[in-house]
Amino acid sequence: MTPLKTTLASALLAASVFVAAPVALAAPPVASPAVAALPDFADIVERTGPGVVNIRTTERVRQNAQGQGGVDDPEMQEFFRRFFGIPIPRQQQPGTPRGNGKQGGQGQQEEVPRGVGSGFIISADGFIMTNAHVVEGASEVYVTLTDKREFKAKIVGSDTRTDVAVLKIDGSNLPRLNMGDSDKIRVGEWVLAIGSPFGLENTVTAGIVSAKARDTGDYLPLIQTDVAVNPGNSGGPLINLKGEVIGINSQIYSRSGGFMGISFAVPIDEALRVADQLKASGRVTRGRIGVQIGEVTKDVAESLGLARAQGALVQRVEAGGPAEKAGLEAGDIILKYNGAAIERPSDLPRMVGSTKPGAKATVSIWRKGNARDVSVTVVELEADKPKQAEEKKAKPGNAPNSLGLVVSDLSDAQRKELKVDNGVLVEAVSGAAAAAGIRPGDVIQRLNEVDVKDAKQFAQLVSKLDAKKRAAVLVRRGDSSQFVPLRPNGGN
C-alpha cells in the first residue's frame, strides 16, 4: 500500500468512528496562515529598463580573393536575424565590389558580426558597464538604447580578471541606473536580470540569490542566483527590489550552452572599484607579493597545531620576489594580511591585489608552531595584455582544411576551463571560416549532426563534405554556442 493510500484509509477509518459517536463536536476554526504576497516587478522594470542597453560587436577579418564564406541564403539570413538578433555577412558574388573593405595583396578586410551582449548606463554622460568578455577582441562596438538610438562606443578599458569593461558613448541626460551595495545582499532575496538573451533585447527574468561570495576559482567571489541567464545576458545588470544594481551577470553553469538553474554575477562593489580605475587610466593596477599558495586541509591544520583549517599554505616563493626578500618560506601558512583573517586561499590574492604597489603590508604567518608578523613591500602585478582581433595564420606544417580551419585537440585542462565535454580548439582561420567570423580560441563542437571528438575525426568529417552544400558548424565562444554555415572551398 502506498503512503498516499495509507493516509486515505486512516482518514476514512477515523471518519467512521467519529460518525458512530453519540455526540459530534464541532472542530474549532483553524486560522489560515498568512501568505506573503509575491513582489510586483512591473514598476521596477519600468524604472530600470531604459538604463539597460544592447551591445553588438563586430570584427574585421581578411577575405580571400575568391570571396569564400558568408551566407547568401535568405532563409539562413532570416534564421540568424530571428534567433540571434544579428545579420550574417552575405557571400560575395563574383564581380561585385565590396563596401567597407581595404584592398590588399592577400585579399581585403571586411567587418563581420562577432556577437551580442548587454550592458547598463552608469552615468548620464554616457559611461556604460558590461563584461570584458563581451567586447574582447572586438574591432567595433555598437550600443543600442531602448528608444532604438544606436551609438558607436569606445572601449575605455577592460579587466579580464574581474570580467569588467567600461564603454563610453557620446550622449547626455541618459537614463542611468542607481548602484546598490552588494555587501548587504541576503540569500533568498528576490532579484531581476535584464538583458538580451539570444539577441532578444530587454528581456526580464527573476529569481532569488542562491549564495553569496561563491568562490568559483576566479579573482573575486561571485553572487550565485537562480535567475534565468542565457547567452546574450552577459554584461546586463542584476537588480534588487529597490531598483538598484547589485551585480553584473557574467557566467552560467551549463553543460548544454543554455541556462540550467545556476548563474553568477560580479558584485557591483568590486565592479565599481574596477570601473573607477578603468575610467581614470584605462587599466587596473594590482599588487602582488610573489608566492604560490594552496589550501590548508583539516589534517594539515591539526598536524601543525592550528585550531582549525584556515589560511593559505605557501607552496612556492618566487626567487627575488617581495615575499622572499621579506623572509617568507615554502611551508609557511599565511593567517592574516594587514590584520584581516585569511579564511581560504582565494582571500589572499584579492587582498594583496587591492593593495597599492609600493605599500608595505603586514603578513601574519604560522611557522613551526609559532606565529610571527612579517613586513612585505607589495609590487605591481603585471597587467593582462589585451587580446586584439586579428586573423592568425596557420602554423607551419598545419595547412587549413577546406573550411579554412586549423584545429587541435583539447587538453583535459582546457575542457575544464572552457566547460565543454567535446570539441576541438580553433588555432587559425582563413577563407570561409574567417569571413563567417570564426576566430582562434573558438571551440568546434559539432559538424552537421555529428559531435566532434578530436582533430583527427574532425579532419575525416571535413574531407567527406559535399563542396556544393553548406555545412553547419556548431561554434562555442565563451558561454555561447551557435551554428555557423560554411561552404568548403571549391563550392559554387
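**View 1. Ser-408 stands opposite Leu-425 in strand E24.** The model shown is predicted. Is E23 largely enclosed or left open? Four of its five residues are buried, so the rest of the structure largely encloses E23. In a regular strand, side chains alternate between the two faces of the sheet.

**View 2. Strand E24 also pairs with strand E25.** Val-424 has Ile-444 of E25 as its bridge partner. How many residues of E24 are buried? Five of the six are, so E24 is largely enclosed by the rest of the structure.

**View 3. Helix H11 (residues 455-463) has four named buried residues: Ala-455, Gln-457, Phe-458 and Val-462.** These residues span an arc of only 160° around the axis, which puts them on the same side of H11. The general rule is simple. An α-helix has 3.6 residues a turn, so residues three or four places apart point the same way. What covers the buried residues of H11? The cover includes E23, E24, strand E25 (443-447) and strand E26 (450-451). On the face turned away from the buried side sit the exposed residues Lys-456 and Ser-463.

**View 4. Asp-454 caps the N-terminal end of H11.** One of its side-chain oxygens lies 3.3 Å from the backbone nitrogen of Lys-456. Lys-456 is also one of the exposed residues on the face turned away from the buried side of H11.

**View 5. Asn-249 is a buried residue in a strand.** The strand is E13 (residues 244-252). Buried means under 20% relative accessible area. Asn-249 has 2% relative accessibility, so it counts as buried. Which residues does Asn-249 touch, leaving aside those up to four places away in sequence? Among them are Asn-131, Ala-193, Val-229, Asn-233 and Phe-264. Pro-237 is another contact of Asn-249. The backbone oxygen of Pro-237 lies 3.2 Å from a polar atom of the Asn-249 side chain. Thr-130 sits 119 residues away from Asn-249 in sequence, yet their C-alpha atoms are 8.8 Å apart in space.

**View 6. Two lysines lie over the ring of Phe-127.** The charged end of Lys-168 sits 5.5 Å from the ring centre. Lys-279 lies over the face of Phe-127 too, at 5.0 Å from the ring centre. How many aromatic pairs does a search of the whole structure find? The search finds one.

**View 7. Asp-163 has a positive phi, near 60°.** Most residues other than glycine have a negative phi. Where does Asp-163 lie? Its place is the loop between strand E6 (150-159) and strand E7 (164-168). With 13% relative accessibility, Asp-163 counts as buried.

**View 8. Ala-213 is not a glycine, but its phi is positive, at about 50°.** Ala-213 is found in strand E10 (residues 203-214).

Methods. Residues numbered from 1 in each chain as written. Predicted model: local features only at pLDDT ≥ 70, side-chain atom pairs only at ≥ 80, totals over all residues. Heavy atoms only, no water. Helix = DSSP H or I, 4+ residues; strand = E, 2+ residues; numbered from the N terminus. Buried < 20%, exposed > 50% of the residue type's maximum accessible area, 1.4 Å probe, protein only. Contact = heavy atoms within 4.5 Å. Polar contact = N/O pair within 3.5 Å; in protein donor to acceptor, adjacent residues only side chain to side chain. Phe/Tyr/Trp six-rings, centres within 6.5 Å; stacked < 30°, edge-to-face > 60°. Lys NZ or Arg CZ within 6 Å of the ring centre and 35° of its normal. Pairing = 2+ DSSP bridges. Arc of directions from axis to C-beta.
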